[in-house]
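Visitor: I have a model open and a few questions about it. Can you walk me through them?

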Amino acid sequence: MSSKDKNISIDPASEQMLRSEATQDLELTWDRYQAMQPQCGYGQLGVCCKICAMGPCRIDPFGNGPQKGVCGATADIIAARNLARMIAAGTAAHSDHGRDTVHALLSAASDPNSDYKVTDGKKVRALAQEWGVDIQGKSKEELAKEVAEMSFAEFGQQHGELKFAQRAPEEQKNRWRENGVMPRGIDREVVELMHRTTMGVDSDFKSIIGQGIRASLADGWGGSMIATELSDILFGRPNPIKSTVNLGILKADEVNILVHGHEPTLSEMLVAATQDPEMIKLAKSKGAEGITLAGICCTANEILMRHGVPIAGNFLQQELALATGAVDAMIVDVQCVMPALGELAKRFHTKLISTSPKAKVPFANHIEFDESKALDIAKQIIREAIENFPNRKGKSTCIPDIRENMVAGFTAESVFEFLGGHYRPSYRPLNEGIITGRLRGAAAIVGCNNPRITHDYGHVTMTKELLANDVLVVTTGCTAIADAKAGLLNSGEALKYCGKGLKEICEAVGIPPVLHLGACVDISRVLTILCNILDQGGLGVGISDLPAAGAAPEWMSEKAVAIGFYVVASGVYTVLGQALPVEGAKELTQYLCEDIEDVYGGKFAFEPDPIEGAHLILDHIDRKRSDLKLSPVLYPVPYAPKTVAEAAAAS
Ligand code: SF4
Ligand code: MSK
């Protein structure tokens with residue numbers, strides 16, 4: 001579809017932008033997607049290989065042409081190697097983010113002049129204790145230093161088992177040990193995966209996938225969990241917080257600054273810098289009423305969770321935000337930043353500022369971030385944005401007057417406190433809700449946007465269908481932003497989409513039916529919540545016993561592939577709206593969508609229709625309820641399949 005087509009997005013602000021004069025002569029993602037048609041079928045089916053110079057080789061998925069590459073690799077081997085390399089890249093991305101967080105924590109703990117501080121003493125104490133550190137008489141800085149050094153060691157560890165993997169239920173750890181996939185060190189698993197998938201090494205697709213799983217577990221129970229836990233220690237554990245979302249948060253009379261990317265180390269400092277009276281004074285001296293800081297993608301989620309900073313949009317809105325003409329600076333770091341942004345920014349007065357030593361962007365000003373001068377650099381960037389505000393004068397802007405209220409900031413700990421009350425924190429009400437059938441189960445819906453799918457349609461449609469069937473939903477990343485824009489994170493408004501049982505629980509406890517847990521690295525919070533539900537008792541012994549499932553209706557990133565694998569290998573049934581690139585490899589597809597369940601407890605399903613996908617999840621939840629011999633759900637909803645048009649209208 002091109003950006004001129006109708007129904008590209010179910011988000012009214014995005015649709016308004018796409019129909020406006022402002023975007024008519026711009027080249028946007030959807031236009032490049034259209035220009036790319038037809039996309040390569042071999043690539044889509046996973047059967048093209050170019051890992052050595054005897055190739056590229058491609059396998060004919062219909063059986064009429066070659067069935068082996070020049071070296072003899074079959075479709076299953078080729079697709080498994082390609083997929084494994086996606087896992088390696090996704091794991092590397094999350095884990096390198098984790099490594100930067102460790103670095104910032106170490107600086108906060110060891111340098112009294114650092115702009116970072118160890119904020120959550122309670123959490124660092126608990127983590128140090130969990131890791132066997134003698135905590136007696138030590139300050140939070142001393143403990144943070146030890147925790148940071150121990151976290152660094154997790155990356156280079158050569159043998160043994162990752163520390164956070166010990167949080168998994170015994171049943172799951174035993175599956176990992178029996179199958180030789182318990183992760184040893186984060187970097188080691190990525191390197192070994194790259195080695196095993198080079199020409200002429202591992203030629204058994206299940207063995208390749210096994211190492212892929214080991215690397216993905218090093219992401220979910222390693223790099224990502226380090227990023228989440230240490231960010232909480234450094235910047236403070238999020239608590240439920242109100243905010244607003246969508247392009248309408250931009251203000252015509254203020255300096256508008258957007259942060260985009262993933263790492264909270266710079267954006268936390270930008271939050272502090274924009275609140276500096278000196279900066280506000282400077283903005284006013286340039287004729288602005290104030291400064292609006294907001295975000296795109298997961299950097300946005302990070303500062304939303306801790307400060308209530310508003311969100312301008314999710315992945316497919318990054319270009320639309322620039323097209324408003326009202327953005328004075330967009331500051332980017334790493335991951336999900338489209339290379340197209342620089343050229344687009346040149347069409348407006350907007351300054352695009354890249355900041356990571358790892359990521360330069362064409363036509364962007366590069367102001368390199370350095371943790372040792374964090375606040376000074378943040379102020380320099382904000383100053384650049386403010387100085388740019390007068391350049392907007394006389395130029396037309398187009399800000400859709402559309403925004404939505406939301407509540408975000410949930411964590412494994414705050415869910416615990418909310419459910420049981422401050423004096424009796426407990427998961428009991430959640431478990432009892434499931435056991436008695438008031439709640440049918442729980443689902444994590446996460447992931448990106450993808451121009452193959454109507455923007456936000458997959459996320460919002462699937463979420464609404466699950467809510468209507470009394471499934472509590474947790475969410476992260478760009479799904480969370482999509483759901484927020486649709487009003488599903490608004491504790492009052494969202495209740496109208498819920499079934500009777502879910503509504504009763506949300507009203508009693510005072511939570512929205514969709515809980516925003518943070519950025520895409522924070523899917524580690526979902527793993528912790530699943531462990532907590534199991535520990536509470538009454539719902540089996542392994543994660544795969546739980547009436548729970550996961551989904552990524554609009555995924556696009558390699559990080560999503562790594563997430564999908566660590567979640568499946570942790571025992572979770574996972575529905576993907578876009579198939580993994582394996583369907584040209586029949587045995588591999590059969591393994592991932594069926595046989596792998598016997599090994600790890602979870603498996604994949606590929607279903608492009610989000611309503612059908614929701615019903616795969618409901619069927620799975622019902623099977624698990626029946627295996628656990630739970631009472632029938634209190635308020636069953638008859639399944640009345642909607643057509644795609646009806647579902648789109650309802651969304
Ligand atoms: Fe072809 Fe084998 Fe080389 Fe891949 S590794 S490009 S299948 S010869
Ligand atoms: S930002 S990885 S598009 S969720 Fe985390 Fe969104 Fe996916 Fe990027």
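Visitor: Where does P38 lie?

Guide: This is a predicted model, so read each value as computed. As for its place, P38 lies in the loop between α2 (29–35) and α3 (41–45).

Visitor: What is omega for the peptide bond from G55 to P56?

Guide: Most peptide bonds are trans. The bond from G55 to P56 is cis. P56 belongs to the loop between β1 (48–49) and β2 (57–58). Omega of the bond from G55 to P56 is near 5°.

Visitor: Which residues are around ligand 1?

Guide: Ligand 1 sits in the second largest cavity. Its shell divides into nine nonpolar residues, two polar and one charged. Cys counts as nonpolar and Gly as polar. The residues around ligand 1 are C49, I51, C52, M54, G55, C57, G69, V70, C71, I78, R81 and M199.

Visitor: Which residues come nearest to ligand 2?

Guide: Ligand 2 sits in the largest cavity. Around ligand 2 there are 13 residues. They divide into eight nonpolar, four polar and one charged. Those that come nearest are H262, C298, C336, C478 and C520.

Visitor: Which elements give two or more residues to the shell around ligand 2?

Guide: Start with the domains. The shell draws at least three residues from each of domain 2 (247–392) and domain 3 (407–650). The elements that give two or more residues are α12 (297–307) and α19 (477–485).

Visitor: What is phi of C297, and is the value positive or negative?

Guide: C297 lies in helix α12. Most residues other than glycine have a negative phi. C297 is not glycine, yet its phi is positive. The value is near 60°.

Visitor: Which are the edge strands of the six-strand sheet?

Guide: Strands of a sheet pair through backbone hydrogen bonds. Here the six strands form an open sheet in the order β13-β12-β11-β14-β15-β16. An edge strand pairs on one side only. The edge strands are β13 (514–516) and β16 (604–606).

Visitor: What does the twist average from one strand to the next?

Guide: The sheet is open, and the pairing of its six strands is parallel. From one strand to the next, the twist averages 20°.

Notes: Residues are numbered from 1 along each chain as its sequence is written. Chains are lettered from A and ligands numbered from 1 in the order in which they are written. This is a predicted model: local features need pLDDT of at least 70, side-chain atom pairs count only at pLDDT 80 or more; totals for chains, interfaces and linings use all residues. Side-chain values use heavy atoms; hydrogens and water are left out. A residue is near a molecule or strand if one of its heavy atoms lies within 4 Å of it. On a 1 Å grid over the protein atoms alone, a cavity is a set of points where a 1.4 Å probe fits but cannot get out, and a pocket is an open set with protein on both sides within 12 Å along at least five of seven lines; lining residues have an atom within 4 Å of a point. A molecule sits in a cavity or pocket if more than half of its atoms lie within 2 Å of its grid points. Helices (H or I, at least four residues) and strands (E, at least two) are DSSP runs, numbered from the N terminus. Domain bounds come from an automatic or database domain assignment. Two strands pair if DSSP finds at least two bridges between them. Axes are lines fitted to C-alpha atoms, for helices over the stretch in contact, and angles run from 0 to 180 degrees between N-to-C directions.
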